[in-house]
Amino acid sequence: MKAHFVLLPGDGIGPEVVAEATVILNAVARRFGHDFSYTEHLMGGCAIDATGDPLPSATLDACRNADAVILGAVGGPRWSDPDAATRPEVGLLGLRKALGLYANLRPVRTYDVLVDASPLRREIVDGTDILFVRELTGGIYFGGSTISDDGRTVADHMRYTVEEIERIVRLAAQAARGRSGRLTSVDKANVLEVSRLWRRTTERVMRDEFPDVGLESILVDAMAMHLLSRPRDFDVVVTGNLFGDILTDEASMLPGSLGLLPSASLGDGAVGVYEPIHGSAPDIAGRGTANPLGMILSTAMALQHSLGLEAEAAAIEAAVHQVLANGVRTADIAGSGTSVDTVAMGAAVAAAI
Ligand code: IPM
Ligand code: MG
């Protein structure tokens, strides 16, 4: 198969992990006889520096015409002045919105061989396998802000429409059907009007369209606790944009490192964006020590969701398992043991493919 990937390395450790994404895609192309090509574009802080715009139109056009978009990370202290005219994150949010990527899939699995890298006890986390489905183009991220004339009162609006809730719940329920048949919806319905709409809509969609899938609604504060006390009880979890952002960072501690978690951002169109859930990690950028596995597992999601290459995606996941079983570790998951750098981890996974 011929496929074209747009690469958006972005800022901080983004370029370091995206380089390993191409190493892995090239290994897959060699083994399975595909023809993968790449073009790199600016997005985030690097795009602000070069053009003044965190999402230049040339980047957006390229993404629209790609088979899949591979994204590293955006942001950093250089661009975090609260009074700046724009920010790197504006580029990322603009990209998600422009491509209609309303569904962000964030699988969180523990690896048997890595369980001791988790700050939580083995008997709690072992066997965790959760698929978070985070709504990505609505909620408080996109409800707009109001600032009073004197600048002393500010509001960010959390806003959801019935249609936005229905489509993400349907997608999550479909996913639950293909897994254990259980869906957990997370909201704050005891306080927020938006959450009460979320809960009513979710319950109706599930009753009318997915009677075969079990539904449990949980308040977000309780969910934050249950994730650490009984993570194995959850299968597919659907929630809004902000709660999904926070809960998935928390959940990354179940396998042991934010650096391990991939994500896929999908919509009704053909193009998906695939990015690790970690940020630009300015504290370790440029040192070659970042864990590329979240990015590498995101390429597997790209092959599966955008190209339909199931065997190829499985080969990447199997290679990651094998490398971890062989004891290869980047610093974030090495504990007091020895670690390899970003390039060596990528090379090990490529060799296993
Ligand atoms: C994420 C990130 C982004 C988000 C930031 C960088 C805008 O934290 O993808 O989880 O909040 O969505
Ligand atoms: Mg986040």
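The protein chain splits into domain 1, built from residues 1-106 plus 262-353, and domain 2, covering residues 129-253. Keep in mind that this is a predicted model. Taken over C-alpha atoms, the centres of domain 1 and domain 2 sit 25 Å apart. Where the two meet, domain 1 puts in 11 residues and domain 2 puts in 17 residues.

What does that contact look like in terms of area? Between them, domain 1 and domain 2 bury about 1400 Å², and 64% of that falls on carbon and sulfur atoms. As for charge pairing across the boundary, the count of salt bridges between domain 1 and domain 2 comes out at zero. Polar contacts do turn up there: five residue pairs link domain 1 and domain 2 this way, with both partners at pLDDT 80 or more.

The largest share goes to β4, with four residues.

Next up is the ligand. Ligand 1 has Glu89, Leu92, Arg96, Arg106, Arg134, Tyr141 and Asp245 around it. Three of these side chains can be described through their distances to ligand oxygen atoms. For Arg106, a side-chain N or O atom is 3.0 Å from an oxygen atom of ligand 1. Arg134 places a polar side-chain atom 2.9 Å from an oxygen atom of ligand 1, and for Tyr141 the corresponding distance, again from a polar side-chain atom to an oxygen atom of ligand 1, is 2.6 Å.

Finally, the salt bridges. Side chains of opposite charge can pair when their charged atoms come close. How many salt bridges does the structure hold? The count is 19. One of them joins the side chains of Lys2 and Asp35, at 3.2 Å from N to O. This pair ties together distant parts of the chain, 33 residues apart: Lys2 belongs to strand β1 (residues 2-10), while Asp35 belongs to strand β2 (residues 35-40).

Key: Residues numbered from 1 in each chain as written. Chains lettered and ligands numbered in written order. Predicted model: local features only at pLDDT ≥ 70, side-chain atom pairs only at ≥ 80, totals over all residues. Heavy atoms only, no water. Domains from an automatic or database assignment. Contact = heavy atoms within 4.5 Å. Buried area = accessible area lost by both parts, 1.4 Å probe. Salt bridge = Lys/Arg side-chain N within 4 Å of Asp/Glu carboxyl O. Polar contact = N/O pair within 3.5 Å; in protein donor to acceptor, adjacent residues only side chain to side chain. Helix = DSSP H or I, 4+ residues; strand = E, 2+ residues; numbered from the N terminus. Near = heavy atom within 4 Å.
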